[in-house]
Amino acid sequence: MTVPLPPLPPAADDAYRPGGRSLADLVDAEHRQLLGLADQVTDPDLAAERRREVIDVLTAAVSRHLSAEEQYLFPAARAAVPASAELVDREIEADAALLTALKGLSGPDDPALAEVADRVRRHVSRVAALMTPLRAVATDAELIRLGNRWQIAEEAAPTRPHPGTPATPPWNKIVEPAVGVVDKLRDAVTGRRTQLADLERQPKT
C-alpha cells in the first residue's frame with residue numbers, strides 16, 4: 001500500500017476493485033469545470049448580474065475543491081511520492097492565496113477578477129503536474145478509494161473561502177465540515193448559487 005488509507009475488508013485481496021470514481025478522474029473533471037468558470041467570469045460580454053452568479057459558483061466550487069484536495073490529495077501525494085513534499089507545501093500556500101483573493105472580491109466589476117481567474121488556471125496546471133507521479137505509483141483501487149473520500153469531503157466542505165482554517169490533517173478534517181455547515185445555512189437563507197447546475201438551469205443574458 002503506497003497511499004495511507006483505512007484497511008480494506010479482511011476478505012479483500014490484491015484484485016479487489018472498489019466501486020466509485022478514481023481520484024484522478026475527479027480532479028481532471030473538476031479542473032475542466034474550474035477553467036470553464038474562470039473563462040466565464042472574465043468574459044467582457046457577460047452581464048453584471050450573470051457574472052455575480054458565476055462568481056458565487058466559482059467561489060463555492062474552488063472552496064469545495066481545495067478543501068477535498070488538502071484533506072486527501074496532498075497527504076496521499078506526500079506519502080506516495082516523497083519528492084513532491086515541497087511542491088505540496090507551495091501549493092498549500094497558493095491555495096490560501098487563492099481563497100484570500102476570492103474572499104476579497106467586491107462584486108462583478110472588481111478588476112481583481114482577472115487575477116482570481118489567473119490563479120485558478122495556475123492552480124490547475126500545478127496540481128495536474130502533481131497528479132502525474134501519483135498516478136504512476138498508486139493502484140487503481142487506491143485512486144478509487146481516494147476518489148470516494150474526496151466526494152464525501154466535498155459534500156461536507158465549505159462553500160465560501162476560509163483561508164485561515166487548518167490546511168492539513170487531522171484538523172482540517174474536523175474544522176472544514178463544521179465551517180461547511182454554517183456556509184450551507186447561509187447559502188440556504190440567501191438563495192446563493194453554489195453548483196454548476198444552478199448556472200446551467202438559468203438562461204444566459
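**Helix packing, helix spans and selected residues**

Guide: The buried residues of H5 pack against H1, H2 and H4. The model is a predicted one.

Visitor: Which residues of H5 are buried?

Guide: H5 covers residues 140-156. A residue counts as buried when its relative accessible area is under 20%. In H5 the buried residues are Ala-141, Glu-142, Leu-143, Ile-144, Arg-145, Leu-146, Gly-147, Trp-150, Ala-153 and Glu-154.

Visitor: How many Å does H5 reach from its first C-alpha to its last?

Guide: H5 has 17 residues, for which 24 Å is expected at 1.5 Å a residue.

Visitor: Against which helices do the buried residues of H4 pack?

Guide: The buried residues of H4 include Leu-113, Val-116, Val-120, His-123 and Leu-130. These buried residues of H4 pack against H1 (23-41), H2 and H3 (85-103).

Visitor: Are H2 and H4 roughly parallel or roughly antiparallel?

Guide: H2 spans residues 48-80 and H4 spans residues 113-137; they pack with their axes 11 Å apart, at an angle of about 30°. Angles under 35 degrees count as roughly parallel. H2 and H4 are therefore roughly parallel.

Visitor: Is the crossing of H2 and H4 left-handed or right-handed, and how do the residues in contact divide?

Guide: The crossing of H2 and H4 is left-handed. Among the residues that meet are Ile-55, Leu-58, His-65 and Phe-74 in H2, and Val-120, His-123, Val-127 and Met-131 in H4. The residues of this contact of H2 with H4 divide into two charged, two polar and 17 nonpolar.

Visitor: Are H2 and H3 roughly parallel or roughly antiparallel?

Guide: The axes of H2 and H3 cross at roughly 165° and come within 11 Å. An angle over 145 degrees counts as roughly antiparallel. H2 and H3 are therefore roughly antiparallel.

Visitor: How many residues in the contact of H2 with H3 are charged?

Guide: The crossing of H2 and H3 is left-handed. On the H2 side, the residues that meet H3 include Glu-69, Glu-70 and Arg-78; on the H3 side, they include Asp-89, Glu-91 and Asp-95. The contact of H2 with H3 divides into ten nonpolar residues, two polar and, as to charged residues, six.

Visitor: How far apart in space are Asp-89 and Arg-78, C-alpha to C-alpha?

Guide: Asp-89 is found in helix H3, and counts as partly exposed at 36% relative accessibility. Asp-89 and Arg-78 are eleven residues apart in sequence, and their C-alpha to C-alpha separation is 9.6 Å.

Visitor: Is Ser-84 buried or exposed, and which residues does Ser-84 touch?

Guide: Ser-84 is found in the loop between H2 and H3. Its relative accessibility is 6%, so Ser-84 counts as buried. Not counting residues up to four places away in sequence, Ser-84 touches Ala-77, Arg-78 and Leu-130.

Visitor: What separates the C-alpha atoms of Asp-43 and His-65?

Guide: Asp-43 lies in the loop between H1 and H2, and is partly exposed, with a relative accessible area of 30%. Asp-43 and His-65 are 22 residues apart along the chain, and their C-alpha atoms are separated by 23 Å.

Visitor: Is the peptide bond from Pro-169 to Pro-170 cis or trans?

Guide: Pro-170 lies in the loop between H5 and H6 (171-190). The omega of the bond from Pro-169 to Pro-170 is near 5°, and the bond is cis.

Visitor: Does Thr-190 count as buried or exposed?

Guide: Thr-190 lies in helix H6. A residue counts as exposed when its relative accessible area is over 50%. At 55% relative accessibility, Thr-190 therefore counts as exposed.

Visitor: With which residues is Gln-195 in contact?

Guide: Gln-195 is found in the loop between H6 and H7 (196-200), and counts as partly exposed at 39% relative accessibility. Leaving aside neighbours within four places in sequence, Gln-195 is in contact with Val-57 and Arg-64.

Key. Residues are numbered from 1 along each chain as its sequence is written. This is a predicted model: local features need pLDDT of at least 70, side-chain atom pairs count only at pLDDT 80 or more; totals for chains, interfaces and linings use all residues. Side-chain values use heavy atoms; hydrogens and water are left out. Axes are lines fitted to C-alpha atoms, for helices over the stretch in contact, and angles run from 0 to 180 degrees between N-to-C directions. Helices (H or I, at least four residues) and strands (E, at least two) are DSSP runs, numbered from the N terminus. Angles under 35 degrees count as roughly parallel, over 145 as roughly antiparallel, 65 to 115 as roughly perpendicular and the rest as oblique. A crossing is left-handed if the near helix is turned anticlockwise from the far one by less than a right angle, and right-handed if clockwise. Contact means heavy atoms within 4.5 Å. Ala, Val, Leu, Ile, Met, Phe, Trp, Tyr, Cys and Pro count as nonpolar, Asp, Glu, Lys and Arg as charged, and the others, Gly among them, as polar. Buried means under 20% relative accessible area, exposed over 50%, partly exposed in between (1.4 Å probe, protein chains only). The expected span of a helix is 1.5 Å times one less than its number of residues.
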